[in-house]
Amino acid sequence: MIRVFVALFLCIASVAPAFAVNPDEVLADPTLEARARAISAKLRCMVCQNQSIDDSNAELAKDLRLLVRERLESGDTDEAVIAYVVSRYGEFVLLKPHFEAKTLLLWGMPVVLLCLGAVTLIVAARRRGARPVGAPLSDEEKEKLDKLLRP
């Protein structure tokens, strides 16, 4: 039984992950292809939303990969290609949005949440340690308590 699981595991593990870029999309010029791959890695798949278009198998991602390659072949710079895609799909298409006033909340929210969490922990720790402590028991009170607790 263990051999079956090992064989099954090896079969599954030996299958290399499929790359989303199809062979018919690859440009003949290796320099342009490298640029296209670098740009594709920066653009978000609008269908998958957690993958770059370079990693996604969605039709929209394929269309975007082809668009990037067409723009590069027509002579656009990397920045011009990215600007063109952003103008069509908005800043959401960027996996790492630019740091601007309109994205300040997006970039600043993790820091704000971290600070709020730290303040909450500090306040909770201080409240927990600030519990009032009563005066120590007198000798009479200790004797009464001992009498009550004895069987």
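Helix α3 of this predicted model covers residues 59-73 and contains 15 residues. From its first C-alpha to its last, α3 reaches 21 Å, close to the 21 Å expected at 1.5 Å a residue. After α3 comes Gly 75, which has a positive phi, near 105 degrees.

Of its 151 residues, 22% count as buried. Among contacts in the protein chain with a separation of 6 or more, 50% are accounted for by residues 24 or more positions apart.

Within α3, the buried residues are Ala 61, Leu 64, Arg 65, Leu 67, Val 68, Arg 69 and Leu 72. An α-helix has 3.6 residues a turn, so residues three or four places apart point the same way. The cover over the buried residues of α3 includes α2 (30-42) and α4 (78-89). Two packed helices are described by the angle between their axes and the distance between the axes, and both pairs are treated in turn below.

For α2 and α3, the axes come within 10 Å and cross at roughly 135 degrees. An angle over 145 degrees would count as roughly antiparallel and one of 65 to 115 as roughly perpendicular; α2 is therefore oblique to α3. The crossing of these two helices, α2 and α3, is right-handed. On the α2 side, the contact is made by Leu 32, Glu 33, Arg 35, Ala 36, Arg 37, Ile 39 and Ser 40. On the α3 side, Arg 65, Val 68, Arg 69, Leu 72 and Glu 73 take part. Of these α3 residues, Arg 65, Val 68, Arg 69 and Leu 72 are also listed as buried.

For α3 and α4, the packing angle is about 140 degrees and the axes are 9 Å apart. These helices, α3 and α4, are therefore oblique to each other, and α3 passes α4 in a right-handed crossing. From α3, the residues in contact are Leu 60, Leu 64, Leu 67, Val 68, Arg 71 and Leu 72. They meet Asp 78, Val 81, Tyr 84, Val 85, Arg 88 and Tyr 89 in α4. Val 68 and Leu 72 of α3 take part in the contact with α2 and also in the contact with α4; both residues are buried.

Conventions:
Residues numbered from 1 in each chain as written. Predicted model: local features only at pLDDT ≥ 70, side-chain atom pairs only at ≥ 80, totals over all residues. Heavy atoms only, no water. Buried < 20%, exposed > 50% of the residue type's maximum accessible area, 1.4 Å probe, protein only. Contact = heavy atoms within 4.5 Å. Helix = DSSP H or I, 4+ residues; strand = E, 2+ residues; numbered from the N terminus. Expected span 1.5 Å × (residues − 1). Axes fitted to C-alpha atoms, helices over the stretch in contact; angles between N-to-C directions. Parallel < 35°, antiparallel > 145°, perpendicular 65-115°, else oblique. Left-handed = near helix turned anticlockwise from the far one by under 90°.
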